[in-house]
Amino acid sequence: MMAKLCIIVLLAVSFQPAFSMIDGLYCGLKNCYDVLGVTRDTPKKEIASKYRQLARKTHPDLFQSAEDKEAASERFREIATAYEILKDDESRSDYDYMLDNPDEFYSHYYRYYRRRMAPKVDIRIVLAVTITIISGIQYFTSWTRYDTAIRYLVTVPKYRLRAQQIAKEEKLLDHLKRNKKMSKDEARQEEERILRDIVRDKMDIRGGYAKPSVTSVLWVQLVLLPYTLSVWLLWYLRWFWKYTLLGQEYGTDEKLYLIRRYMGVSSAQFDAMEEDTKEEYLEMELWKRDVFAVWKKEREEEMKLKLAQSAQHKQYRRYMKNHGPGRMYFDDS
């Protein structure tokens, strides 16, 4: 029974007659040009003038009785709908296409709802605003991380003592002792500010907590993207020519690049490492893949040994041995 019903529905759709107007699209079963009393050759300026004339005559506020108001409202909606379709060149073109090609039933639905559901705001404006917001958040977050790093370094004894020594040599704290009007809390806050400024000026912070730069925000990176891609392409071609085809020996920068790539860390993370650590990596010849593989395996074994000797890790392994990898619950008793 259901199969027969589906066949009947498909046949009805297949043999649907081709009407010029489609109920539910544009002006429905009425012709938009006829609703406004114009023709397809009428220019847009005259269509607007005709719409204003009809709108003034059919506005619901001009009628008194409820029936007249309802009829006027319906007529006013028809006029407004027709004008909305014919005042726009693209919408009018789609409507004319429907009148000329009534047999393309589903194509008309697609054209109509595609235009109605399309965003009214230019996507380029939305994209520009989005990138601007992301760039602002990115720049603000970078400054927050940098300020957090400065405040932390001031609390580290090695850097704090060095900052105090510089402040003493440059006599930056002498005015705090001479100022009798300043309370102890105010003097302590001023001293912390001076020490932070010294650390900020003298310390070279790299990596994820480095001093923010305008070139690091998304907007600037997108603007410089063609240049960045060109530099990367030239660098890659140079590497391929010198070290792959000609087989030349690696320089110090090339060796450090290979080490960083084998480690799988970012450029910022690698730059944040101590110079002594990098020199140690070079002396160990970690730019060689086989040497790096042996070194990495030894490091992993050392880490496993440290975990095995850790009291917390021993306690965890003892728990897993006795209870297994089951779930843990809060005791409600």
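Select R40 and D100 to start: their side chains meet in a salt bridge, with N to O at 2.9 Å. (A salt bridge here is a side-chain nitrogen of Lys or Arg within 4 Å of a carboxyl oxygen of Asp or Glu.) R40 sits in the loop between helix 2 (32-36) and helix 3 (44-58), while D100 belongs to helix 5 (residues 89-100), so the pair ties together parts that are 60 residues apart in sequence. Helices are DSSP runs of H or I with at least four residues, strands are runs of E with at least two, and both are numbered from the N terminus.

Before you click on, note that this is a predicted model, where local features need pLDDT of at least 70 and side-chain atom pairs count only at pLDDT 80 or more, while totals for chains, interfaces and linings use all residues. Residues are numbered from 1 along each chain as its sequence is written, and side-chain values use heavy atoms, with hydrogens and water left out.

Now colour by accessibility. R40 is partly exposed, at a relative accessible area of 37%, and D100 is partly exposed too, at 48%. (Buried means under 20% relative accessible area, exposed over 50%, and partly exposed in between, with a 1.4 Å probe and protein chains only.)

Next, select E192 and R160. Their side chains form a salt bridge at 2.6 Å, N to O. This pair links distant parts of the chain, with E192 in helix 10 (residues 184-202) and R160 in helix 8 (residues 157-169), 32 residues apart. E192 counts as partly exposed at 23% relative accessibility, and R160 does as well at 22%.

Stay on helix 10 and pick R193 and E190. The closest N and O atoms of this salt bridge are 2.5 Å apart. The two residues are 3 residues apart in helix 10, so about one helical turn separates them. R193 is partly exposed at 36% relative accessibility, and E190 is partly exposed at 21%.

Jump to C27 and C32 for the disulfide, joined S to S at 2.0 Å. (A disulfide is a pair of cysteine sulfur atoms within 2.5 Å.) The structure holds 1 disulfide. Check the torsion: 115 degrees about the S-S bond makes this link right-handed. Are C27 and C32 buried or exposed? Both are buried.

Patches are made of residues with over 30% relative accessible area and no salt bridge, joining like charges within 9 Å and nonpolar side chains (Val, Leu, Ile, Met, Phe, Trp, Tyr) within 5 Å. The areas come from the Shrake-Rupley method with a 1.4 Å probe, and for residues only the protein chains shown count as cover. Zoom in on L234: this residue is found in helix 12 (residues 225-245) and is exposed, at 59% relative accessible area.

Last stop: E274, D276, E279, E280 and E283, which form a negative surface patch. Lys and Arg count as positive and Asp and Glu as negative, with His and the chain ends not counted. Each charge is placed at NZ of Lys, CZ of Arg, CG of Asp or CD of Glu. Finish on E279, found in helix 15 (residues 275-283) and partly exposed at a relative accessible area of 45%.
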